[in-house]
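I opened this notebook to record what I looked up in one model.

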Amino acid sequence: MTPFGTRLARAIEDRGRFCVGIDPHAGLLQQWDLADDVASLERFALTVVEAVAPVVSVVKPQSAFYERFGSRGIAVLERVIAESRDAGALVLLDVKRGDIGSTSQAYADAYLDPASPLASDAITASPYLGFGSLDPMVEACQRHGGGLFVLALTSNKEGPEVQHARTGEATVAGTVLAHLRTLNADAEPVGSFGAVVGATIGSTEEDPDINGPFLVPGYGAQGGTVDDLARIFGAAARWALPSSSREVLGAGPDVTALRDAALRGNDAVQGLGA
């Protein structure tokens with residue numbers, strides 16, 4: 001299968017770099033005058049898919065907002081993944097999984113094996129049991145052409161107590177970025193192993209050039225700007241995927257309004273890294 005990095009590069013060229021989060025949390029359901037139940041979850045999520053999946057390069061469903069409804073919520077998530085991919089969008093499933101051994105392998109099988117009903121183009125993962133704990137996910141990506149976005153420098157206020165801690169000469173975040181740099185060595189046009197780096201982290205001394213993509217939450221309604229992205233990533237911003245949920249989803253439930261909001265978001269980040 002074509003590597004995720006190659007498919008992502010094509011998608012960015014064809015559709016731009018904006019990533020839309022499909023996050024049906026209770027507040028948004030209420031804003032759309034929907035109940036907090038599975039039928040409303042399905043209506044919300046599939047309306048967003050109809051609006052944005054045909055026009056953006058990447059959609060990012062947050063698994064937790066579907067999991068809270070149990071098996072029926074997961075069934076909706078399966079539809080979101082399948083219908084988004086059918087519409088031409090890459091699906092980056094935000095699950096932030098991280099474990100060891102056979103459990104890590106089970107996560108890889110669940111989300112990265114094409115035989116799974118939850119199979120996605122890429123997933124998010126946590127490296128804080130040691131980067132090697134992600135090996136089953138890395139190997140699944142290499143085998144199936146998937147992508148992995150690993151938490152590195154996140155925007156939450158608790159993040160620095162772990163991510164800025166030092167192991168010898170390097171920070172924990174720097175070590176994560178170094179592992180990703182190694183995995184992406186010699187990949188063309190870009191590697192399949194990315195980092196999650198928040199748009200509101202402020203200044204950083206870390207080298208962002210990992211020859212891989214970046215998932216950049218915190219853009220838009222959460223305060224991150226295009227100038228922030230240019231400052232954090234420099235030339236590597238060409239592979240940044242600014243992600244926004246509320247800024248787009250708040251335009252619903254009208255399909256045209258949702259699509260227009262996604263296209264405006266795409267236009268705003270078009271020149272990054274140029």
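How many bridges join strand β2 to β3? I found two between β2 (residues 58-61) and β3, and the strands run parallel. I worked on a predicted model, in which local features need pLDDT of at least 70, side-chain atom pairs count only at pLDDT 80 or more, and totals for chains, interfaces and linings use all residues. Residues are numbered from 1 along each chain as its sequence is written, and side-chain values use heavy atoms, without hydrogens and water.

**Strands.** I took strands (E, at least two residues) and helices (H or I, at least four) as DSSP runs numbered from the N terminus. Strands pair if DSSP finds at least two bridges between them. V58 stands opposite L90 in β3. I counted three bridges from β3 to β4 (residues 122-125), also parallel, where A122 is the bridge partner of L92.

**Helix pair.** I noted that α6 (residues 101-112) and α7 (residues 135-144) pack at about 35°, with axes 8 Å apart; the axes are lines fitted to C-alpha atoms over the stretch in contact, and angles run from 0 to 180 degrees between N-to-C directions. Contacts (heavy atoms within 4.5 Å) include Y107 and L112 in α6, and M137 and C141 in α7.

**Cysteines.** I found zero disulfides, taken as cysteine sulfur pairs within 2.5 Å. The sulfur of C19 is 16 Å from that of C141, its closest, too far for a bond. C19 is buried at 0% relative accessibility, and C141 is buried at 3%.

Methods:
Buried means under 20% relative accessible area, exposed over 50%, partly exposed in between (1.4 Å probe, protein chains only).
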